[in-house]
Amino acid sequence: MIGNFKLGLLALAGAFAAVPASAQVIAVQNARVYTMGAAGVIENGDVIVRNGVISAVGVDLPAPEGASVIDAAGRVVTPGLFAPTSQLGLVEIGADDESNDASPKGDFTLSAALDAVDAYNPNSTVIAIARAGGVTRALAAPSPGGKLFGGKAAVVDLSGRIGSVTKPQAAQTVVMGYGGASREGDTRMGAWAVLREYLDAAISYAANPRDYVMRPQDSRFSISDLKALGPVVAGQQPLIVRVNGASDIRNLLRLKNDYRLNVIIHGGAEAWRAGREIAAANVPVIIDATANLPYQFEDLGSTLANAARLQAAGVRIAIDAPDTHNLRLLPQMAGNAVANGLPYEAALAAITINPATMYGVQDRLGSLEVGKAADLVIWDGDPLEVTTRPVQVLIDGRAMSLENRQTRLRDRYKDLSRGDLPHAYRGGQ
Amino acid sequence: MKRSILAATALLALGACAKRGGEAASTAEPGAETGTAAEEKKAEDAIVHPPLDPYPSTYRPYASGTTLITGATLFTGTGERIENGAVLIADGKIAAVGGAGAITVPEGTATIDAAGKFVTPGVIDIHSHLGVYPSPSMSSTSDGNEATSPNTAQVWAEHSVWPQDPGFTRALAGGVTTLQVLPGSANLFGGRSAVLKNVPARTVQAMKFPGAPYGMKMACGENPKRVYESSGPSTRMANMAQYRAAWIDAAEYKKKWDDYWEAAEKFARENGDKKDGDEEKKAPEAPKRDLKLETLAGVLNGDVIVNMHCYRADEMAQIIDMSKEFGYKVATFHHGVEAYKVADLLAENGTCAAVWADWWGFKLEAYDSVRENAALIHAQPGGCAIIHSDSEVGIQRLNQETAKAMADGNKIGLGITEEVAVSWFTSNPAKAMGILDRTGTLEAGKMADVVLWSANPFSVYAQAEKVYIDGALMYDRDDPARSPRTDFEIGQQGNDFTGGAGQ
């Protein structure tokens with residue numbers, strides 16, 4: 001068995017020539033390329049990367065001189081996966097207070113003003129583990145604590161570099177539905193009334209900040225929160241609204257219309273029941289593709305057909321990972337949507353170009369097109385299949401290590417024989 | 001020496017009781033009880049035996065015909081893969097398994113052409129909270145953790161199970177035919193499990209797997225010490241101290257009953273031929289039943305199977321030593337995120353590890369997860385890997401979870417075949433739950449718990465098309481009439497479902 005092991009590892013290492021991280025020019029050749037752009041799927045396709053940016057995508061492209069060539073024959077290439085929501089970099093251990101910055105405790109004063117960038121830790125082991133699963137970008141979003149708003153979310157890359165924030169303040173988060181109600185008087189009426197109050201106050205503050213702070217007012221809202229909501233009420237920054245029930249969703253569409261907001265539905269278990277209205281309002285939906293249980297009365301209509309039905313209604317969808325520690329399961333979630341009727345390429349779009357578009361970074365990310373950042377993944381099979389894994393991940397054209405704390409632990413303990421020294425001396429260097 | 005004799009006597013006594021079941025059946029012919037024999041029997045009947053099965057299963061298989069599923073690839077659960085195979089179902093049992101065309105089919109057999117499809121044994125989840133933490137999830141339905149004391153070995157999960165949990169139907173659409181519903185992990189001793197056939201029913205009794213042994217849930221580590229932080233245990237060492245104190249009590253309780261049975265049988269023998277005018281002797285008095293200790297003594301007797309929630313490798317080693325200290329066996333470590341670190345120890349002790357494919361990081365004891373955990377457990381000689389759900393979502397896709405765990409093992413060269421990995425969600429949990437003689441594989445004579453998959457179950461695109469339980473077609477993806485709907489969901493607006501029970 002041990003013998004087998006070593007052979008297997010050798011085979012794995014030999015199968016794929018690593019690209020030096022410093023390579024300026026890379027040519028990925030002979031792959032099935034899902035561009036997620038106008039070129040669609042390219043068989044035996046090539047992708048040329050120059051200085052971190054895609055310079056050419058096509059067939060039979062000659063490798064530029066000095067390029068590191070990756071022969072990806074028999075492999076599949078996709079854009080790097082984009083997690084549409086997460087608490088990446090904000091949480092290391094869920095149940096540990098010190099390493100979990102994802103949301104404020106109790107009735108903490110501030111909410112909308114909280115900024116994920118302030119807590120984002122590029123050294124979190126969660127990042128390298130997600131990256132080994134082909135995730136190259138994510139929205140790192142605070143979660144609401146005791147108040148409706150969670151705070152400002154950022155688009156980040158998963159390189160683990162110090163400067164890995166791609167777009168700070170890419171979105172604001174808020175919880176409605178029963179989640180909102182439970183925070184504001186334990187009634188949905190309370191949640192909607194308070195949300196409108198916040199928005200009205202933010203509009204009032206934005207119109208004349210100096211005048212607003214001079215006016216006598218109740219101290220319900222902090223100035224920092226109102227300031228943070230400025231881009232939201234200006235319709236510039238997307239507001240990600242956690243909401244599941246069809247009636248709450250329809251309320252949200254009305255609110256969006258009244259306040260001219262740019263909203264994204266998150267959850268949307270019953271979104272399919274309002275599919276055409278959501279599409280007409282041009283509101284994207286981030287869904288849990290495996291939700292099919294009535295956890296509450298507001299998601300009685302939860303169904304595995306949600307993704308396919310929304311897609312058919314013309315709604316832009318993104319598919320969520322089950323949790324931050326398993327962003328690497330985005331393909332499995334998308335694959336299940338396909339098993340339940342979502343067209344294959346729509347599923348792939350839901351974890352690549354669609355989230356990029358939701359956060360206004362589609363000009364740089366989300367597809368394999370000339371001029372875009374070279375975030376790409378080479379897979380050893382169908383990327384949505386549960387038995388497929390990435391063999392190479394590039395972020396901004398840099399070859400990323402697929403090693404992480406989990407692979408190191410695996411390598412330390414795959415051989416349990418006593419050895420000359422304890423396990424603590426193995427693979428720690 | 002005397003101890004072991006006493007233990008043997010006790011086992012015999014319990015065995016006899018088990019055979020009797022709830023009724024005081026007699027081996028003697030009715031009407032044949034005359035004279036001394038009748039007296040002796042009467043005296044024996046006076047011996048108190050706590051009922052072993054006071055809430056007996058009323059499950060009866062539903063009607064099934066004779067069905068041949070043919071042309072499919074079979075994963076039998078015994079490590080075998082049969083291409084172009086066939087399974088014959090008759091009288092609720094698997095009648096034959098083999099190559100298509102090699103099976104003699106009785107007249108009137110319904111034939112299902114399953115070319116290009118796959119057949120496996122019914123999916124078995126060893127770790128579920130369906131029914132005790134049902135949907136909808138509200139305080140009114142939260143019945144899974146009796147978090148009022150670290151030792152609640154007296155509670156039985158079946159007394160919490162809500163048969164109307166929609167989660168059962170979703171699991172059915174995922175191919176689940178048998179599941180073990182466990183109490184939660186707040187307590188050191190959480191209580192007894194319920195082993196259920198996944199057949200919709202009005203009562204939990206009508207779901208209970210006939211004759212399945214009871215399991216008991218125990219929990220290591222963070223959960224008990226967090227829940228009882230103020231009153232204790234608040235440390236891992238106190239966790240251990242409280243388990244051990246409970247086993248000491250259990251051993252004493254067991255001895256009390258063993259001594260009583262020995263004395264009572266002696267009394268019955270000596271007073272069976274009592275003549276008129278003999279001095280009236282007082283029969284030995286039975287100890288008072290204690291439900292908590294009864295369950296624990298059941299573990300020491302080998303009647304109740306231990307399911308131990310434990311994440312950390314070092315804790316598993318402690319628990320194994322404790323089981324030896326008190327003479328019982330840990331059948332399965334559940335969750336076992338660090339099982340790969342002591343996979344050799346688990347295999348040597350014949351203990352299975354039930355794990356997730358890739359859950360991690362929600363608490364510190366779940367930090368050292370590796371994707372190859374199940375594969376590394378399996379790779380040990382005698383290793384027993386199980387993929388469990390602990391989730392109303394995960395239970396719907398144990399095939400996918402297994403596929404991931406297998407693939408990660410194979411990517412480091414472990415060479416695990418699909419026909420072997422299928423045992424992680426079929427025969428291995430059946431073995432660990434003590435029901436492998438009845439279900440868990442496609443073998444002639446077993447319960448016809450069978451899933452017909454639309455494609456290879458190790459693919460994300462595969463779906464359970466038809467699910468048979470004891471030969472009865474309980475779910476058919478293409479037939480709404482074969483798709484259960486719970487009382488809670490019926491007549492609700494807006495849940496015009498697709499995929500039937502799978503919603």
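Q: What makes the strands β8-β10-β11-β12-β13-β14 of chain B an open sheet?
A: In this predicted model, 6 strands of chain B follow one another in the order β8-β10-β11-β12-β13-β14, with mixed pairing. Strands are DSSP runs (E, at least two residues), as helices are (H or I, at least four), numbered from the N terminus. Two strands pair if DSSP finds at least two bridges between them. The edge strands, β8 (189-192) and β14 (385-387) of chain B, each pair on one side only.

Q: How do you know that β12 and β13 of chain B are joined?
A: There are 4 bridges between β12 (residues 330-335) and β13 (residues 352-355) of chain B, and pairing asks for at least two. The two strands run parallel. Within them, B:Thr332 stands opposite B:Cys352.

Q: Why is A:Ile317 called buried?
A: A residue is buried if 20 or more other C-beta atoms lie within 10 Å of its own, exposed if 12 or fewer, and partly exposed in between, with C-beta atoms placed from the backbone. A:Ile317 has 30 C-beta neighbours inside 10 Å, so it counts as buried. A:Ile317 lies in strand β13 (residues 317-319) of chain A. Its contacts (C-beta atoms within 7 Å), leaving aside neighbours within four places in sequence, include A:Pro284, A:Val285 and A:Ala350.

Q: Why are the buried residues of α15(A) said to be on the same side?
A: In helix α15 (residues 405-413) of chain A, the buried residues are A:Gln406, A:Leu409, A:Arg410 and A:Tyr413. They cover an arc of only 100 degrees around the axis, and therefore share one side of α15(A); the arc is that of the directions from the helix axis to the C-beta atoms. These buried residues pack against α3 (125-131) of chain A.

Q: What makes a set of residues a nonpolar core?
A: Its members are buried Ala, Val, Leu, Ile, Met, Phe, Trp, Tyr and Cys residues joined through C-beta atoms within 7 Å. The largest such core has 263 residues, and A:Ile265 and B:Val87 are among those with the most contacts inside it. A second, separate core has 5 residues, including B:Trp257 and B:Trp261.

Q: How many residues of chain B are in contact with chain A?
A: On chain B, 49 residues are in contact with 48 residues of chain A. The largest share of that side of chain B, 4 residues, comes from α10(B).

Q: How are residues and chains labelled, and what limits apply?
A: Residues are numbered from 1 along each chain as its sequence is written, and chains are lettered from A and ligands numbered from 1 in the order in which they are written. As the model is predicted, local features need pLDDT of at least 70 and side-chain atom pairs count only at pLDDT 80 or more, while totals for chains, interfaces and linings use all residues.

Terms used
Contact = placed C-beta atoms within 7 Å.
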